[in-house]
Amino acid sequence: MPNEGGALVAAHQEEHTPDTETTTGSRVVTAAASVGGRVLGGAFGAVARVRGGRPLHPQGATYAARVTMSGKARSAVPWLDEPGWYDAVLRVSRAMGLPLSLPDIYGVALRVDLPGSGPFDLLFASTGDSAGGRFVLRLRPGVEAGPLTTLLPVRSPKGPLVLRLVAATASPVEELSMPAALVLSYAHGTGPWRDVGDVVVGALQGPETEQERHDPVLHQLPGTEQYAVVSRLREPAYRAARAVRPRSRRTAP
């Protein structure tokens, strides 16, 4: 699978270079992303209408959660750096909707309620853990079987920022269930991971929570920004998916 996150990290320095060739190249990439975003938006909208809901991650379960931050980070992003605890909602899902007996790409959507500024969304997917592997999707038998990262970095004051969730214990869990706790870490680009907090998973929520949609472009983590190319590529797909409301049904956890 293409290493788009790694390409963004490599392009971070070039983005600010006034070189004519680099500027022209950036314009080409931006234009291509805009076209690609519209194509993805049409495709995602069509799949959503056929499925009657989410074009990706149709199988899911939603849980209450609490996020506790240690205050030991030095990321220059206030939420990561300051101690505190936050109410959250967490949705675990399988991207392709394959039979539960088969491996799939697992996703975790975390919506954190930040007092004074409203909620923000973080989307994690099952990936590798190394400098390059954190930007490559991986099939997994369960959400606890390996790391999940935000895959595509966001811009932060100290450079491209990637977040990671890892199960606090490696004990197997049932399909679409969650470990009792996960460790939250961050890294700048391909740098080392630094643990900054934990996510304690609470009670399974009712089927009405499946109506909620998570969008890290619309609900950004304060102190970070989406790279323009990512926004142009992602947002049309999210917008098309949001336009189709899920059918009223409960997905068994």
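What is the volume of the largest cavity? It comes to about 170 Å³, and it has a legend of its own below. Welcome to these close-up views of a predicted model.

Figure 1. Let us start with the overall plan. Followed along the sequence, the elements come in the pattern α-α-β-α-β-β-β-β-β-β-β-β-α. The protein has 253 residues, and 48% of them count as buried. Among contacts with a separation of 6 or more, 62% are between residues 24 or more positions apart. The accessible surface is about 11900 Å², and carbon and sulfur atoms make up 59% of that surface.

**Figure 2. Strands β1, β2 and β3 side by side.** Strand β1 covers residues 59–69 and strand β2 covers residues 84–94; the two run antiparallel and are joined by 11 bridges. To find your place in this pair, look for alanine 61, which stands opposite valine 92 in β2. Strand β2 also pairs with strand β3, residues 106–114, again antiparallel, through 7 bridges. Here valine 89 is a handy landmark, with arginine 111 in β3 as its bridge partner.

Figure 3. Side chains of opposite charge can pair when their charged atoms come close. The count for this model is 6 salt bridges, and this view shows the one between arginine 66 and aspartate 87, whose closest N and O atoms are 3.7 Å apart. Arginine 66 belongs to strand β1 and aspartate 87 to strand β2, so this pair links distant parts of the chain, 21 residues apart. Are these two side chains buried or partly exposed? Arginine 66 is partly exposed at 38% relative accessibility, and aspartate 87 is partly exposed too, at 42%.

**Figure 4. Arginine 155 and glutamate 225.** In this view, a salt bridge joins arginine 155 to glutamate 225, with 3.5 Å between the closest N and O atoms. Glutamate 225 has a relative accessibility of 46%, so it counts as partly exposed.

**Figure 5. A network of salt bridges linking Asp129, Arg164 and Asp195.** Look for the pair formed by aspartate 195 and arginine 164, where the closest N and O atoms are 3.8 Å apart. Because aspartate 195 lies in strand β9 and arginine 164 in strand β7, residues 159–167, this pair ties together parts that are 31 residues apart in sequence. Arginine 164 is buried, with 11% relative accessibility.

**Figure 6. The largest cavity.** Rolling a probe the size of a water molecule over the atoms shows where empty space is left. The structure holds 2 cavities of 30 Å³ or more, and the largest has a volume of about 170 Å³. Which residues lie nearest the centre of the largest cavity? They are Leu122, Thr150, Val154, Pro216 and Gln226, out of 15 residues that line the cavity. Strands β4 (118–126) and β7 each give at least two residues to this lining.

**Figure 7. Two loop residues with positive phi.** Most residues other than glycine have a negative phi, and most peptide bonds are trans. Alanine 76 has a positive phi, near 75°, and is found in the loop between β1 and α3 (78–81). With 33% relative accessibility, alanine 76 is partly exposed. Leucine 151 is not a glycine either, and its phi is positive at about 65°. Its place is the loop between β5 (148–149) and β6. Leucine 151 counts as buried because its relative accessible area of 19% falls under the 20% cut-off.

Figure 8. Tyrosine 186 is part of strand β8, residues 181–188. Is this side chain's residue buried or exposed? Tyrosine 186 is buried, and its relative accessible area is 3%. Beyond its neighbours within four places in sequence, tyrosine 186 is in contact with several residues, including Ala73, Arg74, Ser75, Leu80, Leu161, Pro192 and Trp193. Threonine 149 is 37 residues away from tyrosine 186 in sequence, while their C-alpha atoms are 9.1 Å apart in space.

Methods
Residues are numbered from 1 along each chain as its sequence is written. This is a predicted model: local features need pLDDT of at least 70, side-chain atom pairs count only at pLDDT 80 or more; totals for chains, interfaces and linings use all residues. Side-chain values use heavy atoms; hydrogens and water are left out. Two strands pair if DSSP finds at least two bridges between them. Helices (H or I, at least four residues) and strands (E, at least two) are DSSP runs, numbered from the N terminus. Buried means under 20% relative accessible area, exposed over 50%, partly exposed in between (1.4 Å probe, protein chains only). Contact means heavy atoms within 4.5 Å. Accessible areas come from the Shrake-Rupley method with a 1.4 Å probe; for residues, only the protein chains shown count as cover. A salt bridge is a side-chain nitrogen of Lys or Arg within 4 Å of a carboxyl oxygen of Asp or Glu. On a 1 Å grid over the protein atoms alone, a cavity is a set of points where a 1.4 Å probe fits but cannot get out, and a pocket is an open set with protein on both sides within 12 Å along at least five of seven lines; lining residues have an atom within 4 Å of a point. Grid points are joined across faces, edges and corners, and a volume is the space filled by probe spheres set on the points.
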